[in-house]
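Welcome! Have a look at the chain below, and then we will walk through some of its features together.

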Amino acid sequence: MKIIYDFYTEGRENIRPTLIPVQADTVELWHDIEAACFQASWGMDSCRDFLSERTNHVWAFSLDGGETLIGAAALQVLPPEAELLRLAIKEPFRRHGFGRQFMTALIKWLRDEGVNRMWLEVRVSNEPAISLYESLGFERNGLRKRYYKNNDEDAYTYGRTI
Ligand SMILES: CC(C)(COP(=O)(O)OP(=O)(O)OC[C@H]1O[C@@H](n2cnc3c(N)ncnc32)[C@H](O)[C@@H]1OP(=O)(O)O)[C@@H](O)C(=O)NCCC(=O)NCCS
């Protein structure tokens, strides 16, 4: 796997967080993270379909230079805009600041791609994700009624200039 991103973590010199691009030949790795992190996870066909679109990008997160994957993000990138569709950190790696760090790295990558506006939807009950997005400066700007088909849950929409 090709590693194209690397960032230093202050006080955690022994770990090496990296962003690793997921492609068609590594889709199983992303699917495993999906299944582990979401109740309404995307199936293998949805993961493959998503990756087949030129504008879609999936990044896996690693703390050991790519040996082990601890999470992933899926984005649709249409500069100057991008939508975050999935973000996941596997247990037991949650609540260690990695979600925020990987989001920050993704935002830096998006800027390099010419994106200046990012948006996302989140379940109204998803307090950890809402708290993470708000701490990163995302602002709530809408409500989509019954957006999630599995349980008819509403979604908040959030956006941020990056
Ligand atoms: C949302 C998610 C990605 C957060 O990842 P994480 O690595 O645990 O987040 P971090 O440790 O970087 O936390 C950053 C901030 O998010 C918020 N947060 C994270 N987990 C939280 C929790 N369980 N309860 C409340 N706030 C939480 C806090 O504001 C936290 O800052 P703090 O630690 O200074 O209080 C993770 O919980 C996850 O994968 N959830 C399942 C999948 C999901 O719901 N994805 C988002 C919707 S697509």
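## Before we start

This is a predicted model, in which local features need pLDDT of at least 70, side-chain atom pairs count only at pLDDT 80 or more, and totals for chains, interfaces and linings use all residues. Residues are numbered from 1 along each chain as its sequence is written. Helices (H or I, at least four residues) and strands (E, at least two) are DSSP runs, numbered from the N terminus.

Find helix α1 (residues 27-37) and helix α2 (residues 44-52): their axes come within 10 Å and cross at roughly 125°. Axes here are lines fitted to C-alpha atoms, for helices over the stretch in contact, and angles run from 0 to 180 degrees between N-to-C directions. Angles under 35 degrees count as roughly parallel, over 145 as roughly antiparallel, 65 to 115 as roughly perpendicular and the rest as oblique. The pair α1 and α2 is therefore oblique.

On the α1 side, the contact is made by Val27, Trp30, His31 and Glu34, and on the α2 side by Met44, Cys47, Arg48 and Leu51. Two residues are in contact if their C-beta atoms, placed from the backbone, lie within 7 Å.

## The nonpolar core

A nonpolar core is a set of buried Ala, Val, Leu, Ile, Met, Phe, Trp, Tyr and Cys residues joined through C-beta atoms within 7 Å. A residue is buried if 20 or more other C-beta atoms lie within 10 Å of its own, exposed if 12 or fewer, and partly exposed in between. The largest core here has 33 residues, and Trp30 and Trp59 are among those with the most contacts inside it. Strand β3 (69-78) gives the most, with six residues.

Leaving aside neighbours within four places in sequence, Trp59 is in contact with residues including Leu19, Ala72 and Leu106.

## Met118 in its strand

Is Met118 buried or exposed? Met118 is buried, because 24 other C-beta atoms lie within 10 Å. Its place is in strand β5, and among the residues Met118 touches beyond four places in sequence are Ala82, Ile107 and Gly159.

## Backbone details

The one from Pro79 to Pro80 is cis, with omega near 15°, and Pro80 sits in the loop between β3 and β4. Another cis bond joins Glu91 and Pro92, with omega about 5°.

Arg95 is not a glycine, yet has a positive phi of about 65°. Arg95 counts as exposed because it has 10 C-beta neighbours inside 10 Å.
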